[in-house]
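I opened this model to go through its surface, its fold and a few residues. My notes follow.

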Amino acid sequence: MTTMVSGMSGPIMVSNVNVGGVRQTNFLMRALYFCAIGWWAGYFWACIGYALVCFIVTMPLGLMMLNRLPAVLTLSKN
């Protein structure tokens, strides 16, 4: 990951630009995780998220859980 800093003279304006995105976990480790843990953890995560979405009070939590489902399945990072 490369970070570039640019700005004007003095502390008027400084901006950071990250190039490359988030560093992912090794593919082999992610594949082993999916085969050993990810598929059943993802199933339970999805079932709990779906159950939470069924109730209006807990719907935001259920939607957050369902949005994070790919990370639970494969350890992927945004």
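**Surface.** I started with the accessible surface of the protein chain, which comes to about 6,300 Å², 73% of it belonging to carbon and sulfur atoms. Accessible areas come from the Shrake-Rupley method with a 1.4 Å probe, and for residues only the protein chains shown count as cover. Of the 78 residues in the protein chain, 17% are buried. I use buried for under 20% relative accessible area, exposed for over 50%, and partly exposed for in between (1.4 Å probe, protein chains only).

**Ground rules.** This is a predicted model, where local features need pLDDT of at least 70, side-chain atom pairs count only at pLDDT 80 or more, and totals for chains, interfaces and linings use all residues. Residues are numbered from 1 along each chain as its sequence is written, and side-chain values use heavy atoms, with hydrogens and water left out.

**Confidence.** I checked pLDDT, the predictor's confidence in each residue from 0 to 100. The protein chain averages 85, and 85% of the residues score at least 70. Strand S1 (residues 2-7) has the lowest confidence, at a mean of 54. Helix H2 (residues 59-67) has the highest, at 96.

**Fold.** I find three helices and two strands in the protein chain. From the N terminus, the order is β-β-α-α-α. Helices (H or I, at least four residues) and strands (E, at least two) are DSSP runs, numbered from the N terminus. Contact means heavy atoms within 4.5 Å. Among contacts between residues at least 6 apart in sequence, 39% join residues at least 24 apart.

**H1 against H2.** How do the axes of helix H1 (residues 27-53) and H2 cross? They come within 7 Å and cross at roughly 155 degrees. Axes are lines fitted to C-alpha atoms, for helices over the stretch in contact, and angles run from 0 to 180 degrees between N-to-C directions. H1 and H2 are therefore roughly antiparallel (angles over 145 degrees). Residues making the contact include Trp-45 and Tyr-50 of H1 and Met-59 and Leu-66 of H2.

**Thr-74.** I placed Thr-74 in helix H3 (residues 69-74). Thr-74 counts as partly exposed, because its relative accessibility is 25%. Leaving aside neighbours within four places in sequence, Thr-74 is in contact with Arg-30, Tyr-33 and Phe-34. Thr-74 and Tyr-33 are 41 residues apart along the chain, yet their C-alpha atoms are separated by 7.0 Å.

**Leu-75.** I found Leu-75 in the segment after H3. Leu-75 has a positive phi of about 60 degrees, although it is not a glycine. With a relative accessible area of 32%, Leu-75 is partly exposed.

Notes:
Parallel < 35°, antiparallel > 145°, perpendicular 65-115°, else oblique.
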